Amino acid sequence: MTTTPPRLRVLWASDAADASSGYAVETALTTLRLKDHCDLALLATFGHHGAIREWNGIPVFPGGADAFANDVIPKAARAWRADIVITLKDALVFNPATFQGLRWLPLTPIDHDPSTPQVIERVRQSYRPIAYAPHGFRALRRAGLDPLYAPHAYDPKVYYPMDRAEARKLFQLPDDLFIVGTVAVNRGGVPSRKSWVENLEAFAMFAHDKPNVRYFLHTDLADEGYEGGIPLRPVMANLGILDKVLFCDQERYRYPHMGGFSQDYMRHYYNAVDVLNAVSVGEGFGIPVLEAQAVGTPVIVGDWCAHEDLCFAGWKVAKQEAHHFYDQQQGWVFIPQPQAIADRMQRAYSTIDVTPMLRHNAITGATPYQIDTVIRDHWLPLLAELEQDIKTPKSRGVLRIIRREEVF
């Protein structure tokens with residue numbers, strides 16, 4: 001009698017799949033599809049506490065007293081009899097001691113250039129790291145590690161091109177406006193990781209002689225310093241652009257249970273703006289850049305960290321147009337010059353006639369990142385390789401030979 005070999009047992013620890021963060025979106029997209037190929041359970045480091053529940057047929061272990069579930073990950077892994085534990089968060093929030101006796105695979109961002117020594121030292125203590133952007137893969141390889149690779153993705157059933165005028169109806173926006181958009185968290189830290197002051201100053205430079213332009217921000221304005229963010233209204237007032245800035249409903253942004261922003265809403269948003277400005281000091285991936293280009297909207301990004309590979313249609317701010325800054329994480333980031341960003345906004349404003357070409361390039365470039373393609377081309381081979389490694393342990397003291405076609 002033949003028996004079916006046991007499947008790989010996976011514990012995936014990240015934000016709850018039904019939360020509203022970028023980590024939650026990627027968790028939902030990926031695990032819904034991986035559950036058919038392995039025995040999968042989730043652990044909600046954020047968004048669910050108190051009891052084991054189920055989400056779309058997948059068991060969900062609750063978070064613990066520790067903000068990143070370091071206290072409960074070992075218990076959940078043992079309860080699930082996990083072969084591997086995948087964490088989708090910054091690797092630095094996890095204590096390597098948490099994973100003693102476990103195979104820890106940090107699916108981690110690398111948002112400095114080069115990666116910080118702390119991140120490299122942390123993931124060096126894992127079973128094997130997983131990069132989710134080409135920049136991260138290269139950075140881990142340069143540090144002498146042997147990373148796996150599975151990029152972030154988008155759902156083409158959610159993010160697809162729409163008629164711009166139709167998309168703008170949802171926001172009651174006239175068709176004759178040129179609209180710059182930004183989708184980014186406004187959270188504490190110096191410098192602002194999303195370069196909020198530099199981006200607003202850039203828009204002021206760009207917009208000063210243009211009555212038909214607006215800046216549509218999808219973020220929290222942090223009027224009371226919510227999450228340690230920069231109160232943006234005073235900055236706008238100081239720059240004289242309050243009358244040219246549009247922003248989303250702050251209560252919906254802050255409290256998703258009050259309605260939140262559906263994926264349908266975000267699809268309309270990306271289709272409504274003429275260009276998405278996403279210049280920051282450094283990105284581990286930057287999901288909005290992918291989602292915007294998936295609908296055909298060009299982007300403005302910095303030519304460093306993850307975004308150096310993820311601009312398929314749009315304009316880059318060069319490293320030479322940014323200030324190299326050593327931040328509190330003891331790594332190098334890039335603070336962009338506002339004038340450089342303003343110049344790219346002007347280029348976007350001046351290229352309306354070639355928008356069809358830009359839209360085509362954006363959609364074509366984003367296509368390999370469609371979720372089902374990423375599952376087929378990256379996640380399934382990755383799981384198969386891990387399963388083989390576990391069955392046949394081998395030394396990782398010497399890096400394997402990387403074929404030319406594997407190098408990004």
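Tutor: Contact here means heavy atoms within 4.5 Å. Axes are lines fitted to C-alpha atoms, for helices over the stretch in contact, and angles run from 0 to 180 degrees between N-to-C directions. Helices (H or I, at least four residues) and strands (E, at least two) are DSSP runs, numbered from the N terminus. This is a predicted model, in which local features need pLDDT of at least 70, side-chain atom pairs count only at pLDDT 80 or more, and totals for chains, interfaces and linings use all residues. Residues are numbered from 1 along each chain as its sequence is written, and side-chain values use heavy atoms, with hydrogens and water left out.

The sheet is open and mixed, with eight strands in the order 3-4-2-1-5-6-7-8; two strands pair if DSSP finds at least two bridges between them. Strand 3 (53-55) and strand 8 (148-149) are the edges, each with a single partner strand, so one side of each has no neighbour in the sheet.

At the strand 3 end, strands 3 and 4 run antiparallel, joined by three bridges, with Glu54 opposite Pro59. The two strands form a hairpin with two residues between them, and Asn56 in the turn has a positive phi of about 50°. Strand 4 is also joined to strand 2, in parallel, by two bridges; Leu42 faces Val60 of strand 4.

Helix 2 (residues 73-80) lies across strand 1 (9-15), strand 2 (39-46), strand 4 (58-61) and strand 5 (84-88), at about 150° to strand 1.
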